[in-house]
Amino acid sequence: MLNRTKIEWADFTYNAVTGCLHACPFCYGQRLADRYYGGDFKPKFHPERLNDPKKLKTLLNNIFVGSMTDLFGDFIPEEWILKTLDSCKYFHQNFFFLTKNPKR
């Protein structure tokens, strides 16, 4: 899912993977899951979203990948990571990733 954002450094968010198991006390994603999905914030892969960056009409947008997950968390299967990264390499955009697990 590709959404416009009010984040200062990002134009859009892109979430082919959602959910997290870090259980951070101030997690934005968990709060949304609590509010709209009965608290279900287990990691999920959404392959139907892999081509979402192609929908952008302009080039070089700043896209925050994984705003609703930690894409590089130990609990995310490597296959999901590789498919998400692979989807990013085909589109002329600026992709940004945040993680609590940089060793991965």
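**Strand pairing and the rest**

Reply: Starting in the sheet: β2 and β5 run parallel, joined by three bridges. This is a predicted model, by the way.

Me: Which residue in β5 is the bridge partner of Tyr14?

Reply: Val65. On β6, Val65 has Phe97 as its bridge partner.

Me: How many bridges join β5 to β6, and how do the two run?

Reply: Four bridges, and the strands are parallel. β5 covers residues 62-65. Phe64 is placed opposite Phe96 of β6.

Me: What about the whole sheet: what is the strand order?

Reply: β1-β2-β5-β6. That is four strands in an open sheet with mixed pairing.

Me: Which are the edge strands?

Reply: β1, residues 2-4, and β6, residues 94-97. Each of them pairs on one side only.

Me: By how much are neighbouring strands turned against each other?

Reply: By 30° on average, with direction ignored.

Me: Remind me what holds strands like that together?

Reply: Backbone hydrogen bonds pair the strands of a sheet, in parallel or antiparallel fashion.

Me: Zooming out. How many helices and strands does the chain have?

Reply: Two helices and six strands. Read from the N terminus, the elements go β-β-β-α-β-β-α-β.

Me: Compact or extended, going by the radius of gyration?

Reply: Compact fits. The chain has a radius of gyration of 13 Å, which agrees with the value near 13 Å for a compact globule of 104 residues. Along the principal axes, the C-alpha atoms fill a box of roughly 35 × 30 × 25 Å.

Me: What share of the residues counts as buried?

Reply: 41% of the 104 residues. The exposed surface comes to about 6,800 Å², and carbon and sulfur atoms supply 56% of that.

Me: And contacts? What share comes from residues 24 or more positions apart?

Reply: 76%, counted among contacts with a separation of 6 or more.

Me: On to the core. How many residues are in the largest nonpolar one?

Reply: 17 residues. Those with the most contacts inside the core are Leu2, Tyr14, Ile63, Val65, Leu71 and Phe95.

Me: Which elements supply at least two residues each?

Reply: β2 (12-14), β5 and α2 (78-88). The largest share, three residues, is from α2.

Me: Take Leu2. What is Leu2 in contact with, beyond its neighbours within four places?

Reply: Phe12, Thr13, Tyr14, Asp52, Pro53, Leu56 and Ile63.

Me: Where is Pro53 found?

Reply: In the loop between β4 (44-45) and β5.

Me: What does Pro53 touch, not counting residues up to four places away?

Reply: Leu2, Tyr14, Phe91 and Phe95.

Me: Now the backbone. What is the phi of Ala23?

Reply: About 60°. That is positive, although Ala23 is not a glycine. Ala23 is located in the loop between β3 (17-18) and α1 (28-36).

Me: Is Ala23 buried or exposed?

Reply: Exposed, at 71% relative accessibility.

Me: And Leu60, what is its phi near?

Reply: Near 60°, again a positive value in a residue other than glycine. Leu60 is in the loop between β4 and β5.

Me: Buried or exposed for Leu60?

Reply: Exposed. Leu60 has 57% relative accessibility, and exposed means over 50%.

Me: Great, that covers my list.

Key:
Residues numbered from 1 in each chain as written. Predicted model: local features only at pLDDT ≥ 70, side-chain atom pairs only at ≥ 80, totals over all residues. Heavy atoms only, no water. Pairing = 2+ DSSP bridges. Axes fitted to C-alpha atoms, helices over the stretch in contact; angles between N-to-C directions. Rg over C-alpha atoms; globule rule 2.2 N^0.38 Å. Buried < 20%, exposed > 50% of the residue type's maximum accessible area, 1.4 Å probe, protein only. Contact = heavy atoms within 4.5 Å. Areas by Shrake-Rupley, 256 points an atom, 1.4 Å probe, with all protein chains shown as cover. Core = buried A, V, L, I, M, F, W, Y, C linked by side-chain atoms within 4.5 Å.
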